[in-house]
Amino acid sequence: MDRPTVLITGTGSYLPNKCLTNHDLSLMVDTTDEWIQARTGILERRIAAPGELTSDLAVQAARQAMAAAEIGPTDLDLILVATTTPDLVFPSTATFVQQKLGANVIQIPAFDIQAVCSGFIYALTVAEKFITAGSCRRVLVIGAETFSRIVNWEDRNTCILFGDGAGAVILEAGPPSPDSASKRGILATHIHADGGYAHLLNATGGVSKGAEEGLDPRIKGVGFVQMRGNEVFKQAVKVLGSIVDQTLAASGYNQADIDWLVPHQANIRIIESTAKRLGMDMNKVIVTVDRHGNTSAASIPLALDQAVRDGRIQRGHLVMLEAFGGGFTWGSALLRW
């Protein structure tokens, strides 16, 4: 039996109302707007309000995506939420999203995926497999984070980087394409991980580790983000170029065929270095890091939704998504819009 194509039929996004500028940060830690811009390209980021949970952000983005796809919550077969900052240890944030959307009445499966900044690519890959296997026809995939909740606001090297937000897509099964050259939807995905680099980018606590005796009381529980930035930068640039080449080769395309690159929005220097390695002009790269900061698993769907809604990404365009995150994890997805 021919496998269905997997189409993105709707996108959505949501940003909290509170805007934290570089000037605001300069009043909190020893930094300046110029220093932050020069090293990260970030001008501002959004911060979730007290009581505003990751699931709340996710639901707002999901509603936009469903409206764009012209479907309702009871049309879904599966909900996946990529997040590093869940509402609770359990139940999964995806089950809260299911309930808040009203999809619990049909009792569809819902679960979280944790691959930090690569989480959306991982979730997209899982959703594609469910659809091509015939288990689902419509899947809601969300990347959502309240990363500000695990930031150490006394550490100027990390607190300047992160923000909160959510992005979502609807994946739907389409008819099999007899012609690979004209096939739409997801063409290929690849995901990887190497736990040998966990010490370079991680959180200082956790459910198991945070319960140990002798830890600083401030880092019990989930802890704070900590990162060795220069070493992370080198590894990110190295693997992102190779993962894009791997996904292009699997689809029969080359770098010159890409119409748009939608990268994880971690740092403008990583984005520029990756684009240079791919031989891509920055005019073909979707950049939102200046206004969003690093929103971890939410960054790619946030950027994708913006580029779809402002008309840059058009029907027939070849779009490459790629991400790198703690673990290390990394991945890419190639799709024909």
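Me: Strands are DSSP runs of E with at least two residues, numbered from the N terminus. In which strand is the place of L261?

Reply: L261 sits in strand 11, residues 260-263. Keep in mind as we go that this is a predicted model.

Me: Thanks! How do you know whether L261 is buried or exposed?

Reply: Buried means under 20% relative accessible area, and L261 has 0%, so L261 counts as buried.

Me: What does L261 touch?

Reply: Leaving out residues up to four places away in sequence, the contacts of L261 are L278, M280, K284, V285, I286, M320 and E322.

Me: Which residues of the largest nonpolar core touch the most other members?

Reply: That core has 43 residues, and I160, V244, L248, M320, F324, F328 and L334 touch the most other members. The elements giving two or more residues to the core are helix 2 (33-40), helix 7 (229-251), helix 8 (268-277), strand 12 (318-325) and strand 13 (329-336). Helix 7 gives the most, with 7 residues. There is also a second, separate core of 36 residues, with A115, A173, A323 and A333 among them.

Me: Let's look at helix 7, where A236 has its place. What makes A236 count as buried or exposed?

Reply: The cut-off for buried is under 20%; A236 has 1% relative accessibility, so A236 is buried. A236 touches I270 and F324, not counting residues up to four places away in sequence. A236 and F324 are 88 residues apart in sequence, yet their C-alpha atoms are 6.2 Å apart.

Me: On to the rings: how many aromatic pairs does the structure hold?

Reply: There are 3 aromatic pairs.

Me: Why is the pair of Y197 and F328 given the name it has?

Reply: Ring centres must lie within 6.5 Å to pair, and planes under 30 degrees apart count as stacked. Here the centres are 5.1 Å apart and the planes are at 15°, so the pair of Y197 and F328 is stacked.

Me: What does this pair tie together?

Reply: Y197 lies in the loop between strand 8 (185-193) and strand 9, and F328 in the loop between strand 12 and strand 13, so the pair links parts that are 131 residues apart in sequence. At 26% relative accessible area, Y197 is partly exposed, whereas F328, at 1%, is buried.

Me: Why is the pair of F324 and F328 called tilted?

Reply: Stacked needs planes under 30 degrees apart and edge-to-face over 60, with the rest counting as tilted. F324 and F328 have 50° between their planes, at 4.6 Å centre to centre. F324 is buried, with 7% relative accessible area. Y197, F324 and F328 form one aromatic cluster.

Me: Finally, which residues make the nonpolar surface patch of about 390 Å²?

Reply: V89, F90 and V207 make this patch. V207 lies in the loop between strand 9 (201-203) and strand 10 (225-227).

Me: How do you know whether V207 is buried or exposed?

Reply: Exposed means over 50% relative accessible area, and V207 has 64%, so V207 is exposed.

Notes. Residues numbered from 1 in each chain as written. Predicted model: local features only at pLDDT ≥ 70, side-chain atom pairs only at ≥ 80, totals over all residues. Heavy atoms only, no water. Core = buried A, V, L, I, M, F, W, Y, C linked by side-chain atoms within 4.5 Å. Buried < 20%, exposed > 50% of the residue type's maximum accessible area, 1.4 Å probe, protein only. Helix = DSSP H or I, 4+ residues; strand = E, 2+ residues; numbered from the N terminus. Patch = residues over 30% accessible without salt bridge, like charges linked within 9 Å, V, L, I, M, F, W, Y side chains within 5 Å. Areas by Shrake-Rupley, 256 points an atom, 1.4 Å probe, with all protein chains shown as cover. Salt bridge = Lys/Arg side-chain N within 4 Å of Asp/Glu carboxyl O. Phe/Tyr/Trp six-rings, centres within 6.5 Å; stacked < 30°, edge-to-face > 60°. Contact = heavy atoms within 4.5 Å.
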